[in-house]
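Hello,

Here is the structure I promised to pass on to you. Have a look at it first, and then read on for what turned up.

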There are 2 protein chains.
Amino acid sequence: MARVSQEHLDARRRQILDGAASCFARNGFHATSMQDVLKEVDLSAGAVYRYFSGKEELIAAIVTEVLDTVRGIFERAAQESPPPTPDVLIPRALARMREQRPATLEGGEWMFPRLMIQVWTETTRSPELAVVLGDGYRNVRTAWGEIVESYKDAGLMPADADADAMARTMIALVQGFAAQMALFGGISEQTLGDGLRALMSVGRAPADT
Amino acid sequence: MARVSQEHLDARRRQILDGAASCFARNGFHATSMQDVLKEVDLSAGAVYRYFSGKEELIAAIVTEVLDTVRGIFERAAQESPPPTPDVLIPRALARMREQRPATLEGGEWMFPRLMIQVWTETTRSPELAVVLGDGYRNVRTAWGEIVESYKDAGLMPADADADAMARTMIALVQGFAAQMALFGGISEQTLGDGLRALMSVGRAPADT
DNA sequence: CAACTTAAAACGAACGTTCCTTCTTGACAA
DNA sequence: TTGTCAAGAAGGAACGTTCGTTTTAAGTTG
C-alpha cells in the first residue's frame, strides 16, 4: 500500500510496540529474538524495520514508554489535594497503573510489572536509559517529599522526620509490590493498603542503631 | 593437571561462578556471552565446560545461590528474639546482605542488588526457578507473619491487623530498596530506617476505600 | 502509473558448544 | 630421590546454528 494514511502508520507502530512488549514481558529484552517479535506481530522483517531502525530502538521505545507511565503515575499521585495518607496514596497509585496499562499475557499475568523489572535490568546496562530513569526518580523523590511535608503541616507526623527518606521508602514500596506482582502474581492493591495500615500502626521502639 | 585436589576443583568452580556473577550483574544473563565469561575468568571454553554443562547451568547455579542468600537473610532476621521493630529489622536485614555478599563491580557498585533484579527477570522465564523462588517466598511470608504476630503479643499493634499483608509489605520494602540500590546506588540502610520510622509515625486517616 | 509498503530470502557476524590437542599433575617403580 | 607414565585438566580452533539486519522483488493503494 502506498501513501497510506497516518492513522495506519500509527496503528502499525503501536501494533509492533504492543507485540514487542508482550514478547519482552514474557522473555526479557535479550532472550527475545527479532523473529519472536515478527511472529508475535505477524509482520515481516521489512515491515518492522520500516518503523524501527533495529532492536535497540525498539527496546528503547518500550523502556521510555514504561518509564513515562510510571513517572506519570507517581506525579499524578503527588498532585492529589489534599494528599491521602500513604496507605491510600500508594495502593491508589498501583491501581492507576493497572487502569492505565491493563494488558495481560496469555496466562492472565499482568504485563506491566513484568515490563518494569525488565526495564530496571536494562537501565543498568544503558547509561542513556539510566539518565532518564535517574531524572524521573529525582523528580518523583522531590514531589513525594513535598507530600510528606504536607503531612507534617497537617500535624499527621512529627516535623523532624526525614521527608526525603520517607519519600524514598514509599517509592520502594511501590517498586517492591511491583516486583511481587511480577514474580508471584495474584496480589491486590488491597493487600498493600492493609499491610501499610498495619505497618503504620506499629508503636515505635526506641532507636537502637 | 591430573587428579587435582578437591580444593582446586572447588576453587575453580568458585572462580567461574564469581566471574560469571560479575558479568551477569553488569550485563544481565542473556546479554552476556559465554566468551565474556571466559574472558572475565581468564579460562578457556574447555575448562569452563568441564565444570558446567552450559550457560543454562551456570545461570541456574548463580540464581539459586542468590535466592539461597536472600532466603537465609530473611529467615535469620525472623529468628531474632525478641524481634526488633520493622524500622530496625529491615535495615538490619539489608546490612547483613552487604556483609554476606560485599562484592562490588569495578565502578564500586554493589553487585548483589543488581544480581537480585536479574534473578527476578530470570525467574519469570523459567518455571523451575519460579518454583524455587515461590517456595522461598512462601516460607519467608509465614516466618515474617509470625514476627508480626509477636508484635501483636507485645502490644505494639492492634490484634486485628492483617499480619500476612504486613509481612508482604515488609518484604516489598526490602525488594524495593534492593531495586533502588541496584538502579541508583549510594543509598544506605540508614535511609531506609529513617524513612520507615517516619512512615510509622504517620497518624492513620480513616480508611476510605 | 507512481509511490511506497510489505514479504521473503539471504547475508555476515556472533553465538553456545564440541572436539581434539597440549600441558600439568600425582602415583609409582627403581 | 628421581624418572616415567597414565589420567585428566586446560587450551583453542572449528562447528553448526541462530542472531539482527539488509536486499530484492512483489504487491497495493491513492
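Let me start with the contacts between the chains: 8 residue pairs are in polar contact between chain B and chain A, both residues at pLDDT 80 or more. Polar contact here is a pair of N or O atoms within 3.5 Å; within protein, one must be able to donate a hydrogen and the other to accept it, and residues adjacent in sequence count only if both atoms are side-chain atoms.

On the side of chain B that touches chain A, at least two residues each come from helix 1 (6-27), helix 5 (86-100), helix 6 (111-123), helix 7 (127-153), helix 8 (163-184) and helix 9 (189-200). Helix 8 of chain B gives the most, with 16 residues. Helices are DSSP runs (H or I, at least four residues), numbered from the N terminus. By class, that side of chain B has 31 nonpolar, 17 polar and 10 charged residues, where Ala, Val, Leu, Ile, Met, Phe, Trp, Tyr, Cys and Pro count as nonpolar, Asp, Glu, Lys and Arg as charged, and the others, Gly among them, as polar.

Please keep in mind that this is a predicted model, in which local features need pLDDT of at least 70 and side-chain atom pairs count only at pLDDT 80 or more, while totals for chains, interfaces and linings use all residues. Residues are numbered from 1 along each chain as its sequence is written, chains are lettered from A and ligands numbered from 1 in the order written, and side-chain values use heavy atoms, leaving out hydrogens and water.

In total, 58 residues of chain B are in contact (heavy atoms within 4.5 Å) with 58 residues of chain A.

A rotation of 180° with 0.0 Å of shift along its axis superposes chain B on chain A, with RMSD 0.1 Å (least squares on the C-alpha atoms of residues with pLDDT of at least 70 in both). The two copies are therefore related as by a two-fold rotation axis.

Best wishes
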